[in-house]
Amino acid sequence: VQLQAFGGGLVQAGGSLRLSCVASGSIINDMGWYRQVPGKQRELVAVISRGGTTAYADSVKGRFTISRDNAKNTAYLLMNSLKSEDTAVYYCNVNNMWGAAYWGQGTQVTVSS
């Protein structure tokens, strides 16, 4: 499985960004986004099953929305009302139909206050 992540950048607090993750090479089950800041563990942000069931970290509930297009093997993370504490490297994570997990290369999101 190969993953390509797009959409990171610099945004002011209160602004929005949309991340995209395109997977190729296998049938994909769960697709998710994690984030990591220096010195801290990578944490789950949001995940979506192939059937569309979603789960979010408490810190992003009501602000972030994860969605996917199964035909395109693509997951999206719409991030609204961004805060400085959302600044991190965001990683796409997927698992295929055999349960193997794969990570994307990471995309930087920086929120200026």
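## Exercises around strand β9

Leaving out residues up to four places away in sequence, Y90 touches L19, W33, Y34, R35, V45, F64, L77, M79, G106, T107 and V109, where contact means heavy atoms within 4.5 Å. The model is predicted, so to speak of local features requires pLDDT of at least 70, side-chain atom pairs count only at pLDDT 80 or more, and totals for chains, interfaces and linings use all residues. Residues are numbered from 1 along each chain as its sequence is written, and side-chain values use heavy atoms, with hydrogens and water left out.

**Exercise 1.** Find the strands that pair with β9.

*Solution.*
- Start with the terms: strands are DSSP runs of E with at least two residues, numbered from the N terminus, and two of them pair if DSSP finds at least two bridges between them.
- Take β4 (residues 28-36): seven antiparallel bridges link β4 and β9, and W33 sits opposite C92.
- Next, β11 (residues 107-112) runs antiparallel to β9 with three bridges; here V89 has Q108 as its bridge partner.
- Finally, β10 (residues 101-103) is also antiparallel to β9, through three bridges, with V94 facing Y102.

**Exercise 2.** Is strand β9 mostly covered or uncovered?

*Solution.*
- Apply the cut-off: buried means under 20% relative accessible area, with a 1.4 Å probe and protein chains only.
- Count along residues 88-96: seven of the nine are buried, so β9 is mostly covered.

**Exercise 3.** Which residues have the most contacts inside the largest nonpolar core?

*Solution.*
- Define the core: buried Ala, Val, Leu, Ile, Met, Phe, Trp, Tyr and Cys residues joined through side-chain atoms within 4.5 Å.
- Read off the answer: W33, V45, F64, L77, M79 and Y90, in a core of 27 residues.
- Elements giving two or more residues to this core include β4, β9 and β11.

Methods. Buried means under 20% relative accessible area, exposed over 50%, partly exposed in between (1.4 Å probe, protein chains only). Helices (H or I, at least four residues) and strands (E, at least two) are DSSP runs, numbered from the N terminus.
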